[in-house]
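Take a look at the model below.

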Amino acid sequence: MRPLDKVTVLSGPGPHSSASVQVRTEDGSWRRLGGLGQGWTELAASGVRADAMRLVWAQGAEPPAVHEMVPWFADAPAARMKLDRTTVDAEIGGRPVRVEAELEATRADAARGRMSAKAPKGIEAKTPGRVVLQRGGRLTAAVEISVPKDTPSGEYTVPVGFTVDGRTVRQQVTVRAYPRTTGQDLALGAAATSSADETDDFPASAVSDGDPSTRWSSPAEDGSWVQVDLGREERIGKVVLRWQDAYASGYRIMTSADGRTWSTAAVVRDGRGGTEQIRMDAPGTRYLRVQGVERATKYGYSLFSVEAFPVAD
Ligand SMILES: [Ca+2]
């Protein structure tokens with residue numbers, strides 16, 4: 001049993017005897033909401049609790065052609081909201097990041113609502129505010145998230161809501177705030193080593209030689225890795241990987257000051273190959289390793305380059 005707001009019936013045109021639109025109420029009895037019109041009929045149900053609906057017409061009368069009967073429930077939210085991304089990387093002091101919210105009216109009425117985003121301290125979030133959706137309407141509204149320059153690195157949660165008639169549908173955005181980096185690739189020319197190379201034609205040194213045509217390839221083993229020695233400790237804010245077709249769907253960026261004790265600076269579980277930018281805040285990084293976890297293909301891993309950019313002062 002759910003409270004009904006309205007019932008819509010789509011029926012065929014043409015003459016038919018008048019039919020009655022009815023719903024079954026809590027005590028099992030049928031209540032008449034009104035008569036069936038031509039083509040399109042919408043009747044108010046005023047919140048009556050019901051679990052079934054039917055059309056009734058006189059015995060022997062010509063039956064109506066019924067295409068669809070739609071119950072509109074009064075306890076359903078007036079709108080749906082779906083964010084295109086629920087995790088975003090945002091540079092501290094950098095440009096705003098846009099998250100798009102798809103809003104859809106889900107009742108037999110226009111939805112007049114308000115979008116809100118409750119940004120925690122250190123994060124700014126802007127929404128369009130008032131939003132009007134026509135009946136059956138759908139539109140995309142942007143939430144702009146920015147991280148002012150003195151905000152510490154880290155993860156922040158921004159709840160986004162769309163409120164219509166006092167009911168709110170909600171989703172959250174996780175904002176990963178990362179420090180701004182310079183454009184200087186510290187891995188360029190760095191000594192590189194690997195767990196193993198597929199052949200001598202694809203050595204570890206190819207990831208840091210500055211030549212976009214050369215590449216390192218590993219044997220076909222998930223746990224393969226390649227690393228660069230930056231020569232001294234640096235605070236790394238961004239790593240850029242340029243994959244050949246044989247990429248990793250899962251991998252970690254590991255960092256170390258001495259090449260023996262390692263920390264995980266970033267975990268990637270949905271690697272897509274191509275050029276990937278991975279943000280982090282990894283001070284004390286002399287050695288930087290791309291540690292494979294899961295191969296995306298039957299081949300090993302193959303990287304044209306591993307680039308490491310330091311945090312800007
Ligand atoms: Ca190369």
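What radius of gyration does the protein have, and what would a compact globule of 313 residues have? The protein has 30 Å, whereas the compact globule would have a value near 20 Å. The radius is taken over C-alpha atoms, and the globule rule is 2.2 Å times the number of residues to the power 0.38. Along the principal axes, the C-alpha atoms fill a box of roughly 90 × 45 × 35 Å.

Two conventions apply. This is a predicted model, in which local features need pLDDT of at least 70, side-chain atom pairs count only at pLDDT 80 or more, and totals for chains, interfaces and linings use all residues. Residues are numbered from 1 along each chain as its sequence is written.

The protein is divided into domain 1 (2-73), domain 2 (79-178) and domain 3 (191-310). These bounds come from an automatic or database domain assignment. The C-alpha centres of domain 2 and domain 3 lie 34 Å apart. Their contact takes 4 residues from domain 2 and 4 residues from domain 3. Here, two residues are in contact if their C-beta atoms, placed from the backbone, lie within 7 Å. On the side of domain 2 that touches domain 3, the residues divide into 1 nonpolar, 1 polar and 2 charged. Ala, Val, Leu, Ile, Met, Phe, Trp, Tyr, Cys and Pro count as nonpolar, Asp, Glu, Lys and Arg as charged, and the others, Gly among them, as polar.

Now the secondary structure. It comes to 0 helices and 22 strands. Both are DSSP runs numbered from the N terminus: helices are H or I with at least four residues, strands are E with at least two. Two strands pair if DSSP finds at least two bridges between them.

Start with a hairpin. Strand 2 (residues 19-25) and strand 3 (residues 30-35) run antiparallel, joined by 5 bridges. S20 has G35 as its bridge partner in strand 3. The hairpin has 4 residues between the strands, and G28 takes a positive phi near 90°.

M115 has F162 as its bridge partner in strand 14.

A further open sheet has 4 strands in the order 7-9-13-11, with antiparallel pairing. Strand 7 (79-83) and strand 11 (124-126) are its edges, each pairing on one side only. Its twist averages 25° from one strand to the next. Strand 9 (residues 97-105) is joined to strand 13 (residues 138-146) by 8 bridges. V99 has V143 as its bridge partner in strand 13.

Finally, look at T182. It lies in the loop between strand 15 (167-178) and strand 16 (191-194). Beyond four places away in sequence, T182 touches F309, P310 and A312.

Notes:
Axes fitted to C-alpha atoms, helices over the stretch in contact; angles between N-to-C directions.
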